[in-house]
Amino acid sequence: KMECVMDIKQIMEIIPHRQPFLLVDRIVDMVPGESVTAIKNVSMNEPFFAGHFPGEPVMPGVLIVETCAQLCSLTVESGAEQDDRLYVLLKVDNFKFLHPVIPGDVMTVTVTKKSGAGPLISFDAQVTVDGQLRSKGSLSFTAMDRSLLESSGGEVSE
């Protein structure tokens with residue numbers, strides 16, 4: 001068992017996600033502002049398995065990407081002085097799903113900052129189960145002024 005660096009309560013103090021959309025269970029390694037490795041226990045009790053797919057449950061790829069994005073947020077927030085910026089997902093690049101993630105799997109997810117200048121930050125992400133690579137790709141984020149989100153009721157206009 002990997003050592004716990006940050007538990008679910010500590011994670012919830014940093015990122016705003018809540019059940020059923022909080023997809024990170026435990027942080028096992030962290031370099032604030034640079035990288036995070038986390039554990040996600042995949043359970044048959046997850047609501048999405050009811051329809052994806054009946055009789056053949058597979059974790060949706062978009063939720064694997066979301067798990068990675070939540071860790072990127074945690075990486076940025078853990079290394080930053082608190083300011084009025086919120087980093088939002090801008091781009092998903094070259095994400096590949098090599099093997100399915102199914103109930104009972106324990107995903108080990110690692111995100112590593114590869115570049116970050118001004119309002120743009122990019123990460124490489126890797127998902128493994130029992131040491132086997134299941135998916136990988138890159139995610140880019142852009143900084144937004146928190147007050148813009150608050151004044152629009154959370155809606156972002158294009």
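**Aromatic pairs and sheet order in a predicted model**

The structure, a predicted model, holds 3 aromatic pairs.

Reader: What is the angle between the planes of phenylalanine 48 and phenylalanine 49, and how is the pair classed?

Author: Phenylalanine 48 and phenylalanine 49 form an aromatic pair with 4.6 Å from centre to centre, and each of the two residues is buried. Pairs with planes under 30 degrees apart count as stacked and those over 60 as edge-to-face, the rest being tilted. With 55° between the planes, the pair of phenylalanine 48 and phenylalanine 49 is tilted.

Reader: Which parts does the pair of phenylalanine 123 and phenylalanine 141 tie together, and how many residues apart are they in sequence?

Author: Phenylalanine 123 and phenylalanine 141 form an edge-to-face pair, at 5.9 Å centre to centre and with 90° between the planes. Phenylalanine 123 belongs to strand E5 (residues 120-129) and phenylalanine 141 to strand E6 (residues 132-145), so the pair ties together parts whose separation in sequence is 18 residues.

Reader: Is glutamate 46 buried or exposed?

Author: Glutamate 46 is placed in the loop between strand E2 (35-41) and helix H2 (61-79), and, leaving aside its neighbours within four places in sequence, it is in contact with Lys40 and Asn41. The cut-off for a buried residue is a relative accessible area under 20%. Because its relative accessibility is 13%, glutamate 46 counts as buried.

Reader: Which residue in E4 stands opposite alanine 38?

Author: E2 and strand E4 (residues 106-117) pair in the antiparallel sense over 7 bridges. Within E4, the residue that stands opposite alanine 38 is valine 109.

Reader: What percentage of the contacts between residues at least 6 apart in sequence join residues at least 24 apart?

Author: The protein has 158 residues, of which 41% count as buried. Among its contacts between residues at least 6 apart in sequence, the share that joins residues at least 24 apart is 62%.

How values were computed: Residues numbered from 1 in each chain as written. Predicted model: local features only at pLDDT ≥ 70, side-chain atom pairs only at ≥ 80, totals over all residues. Heavy atoms only, no water. Phe/Tyr/Trp six-rings, centres within 6.5 Å; stacked < 30°, edge-to-face > 60°. Buried < 20%, exposed > 50% of the residue type's maximum accessible area, 1.4 Å probe, protein only. Helix = DSSP H or I, 4+ residues; strand = E, 2+ residues; numbered from the N terminus. Contact = heavy atoms within 4.5 Å. Pairing = 2+ DSSP bridges.
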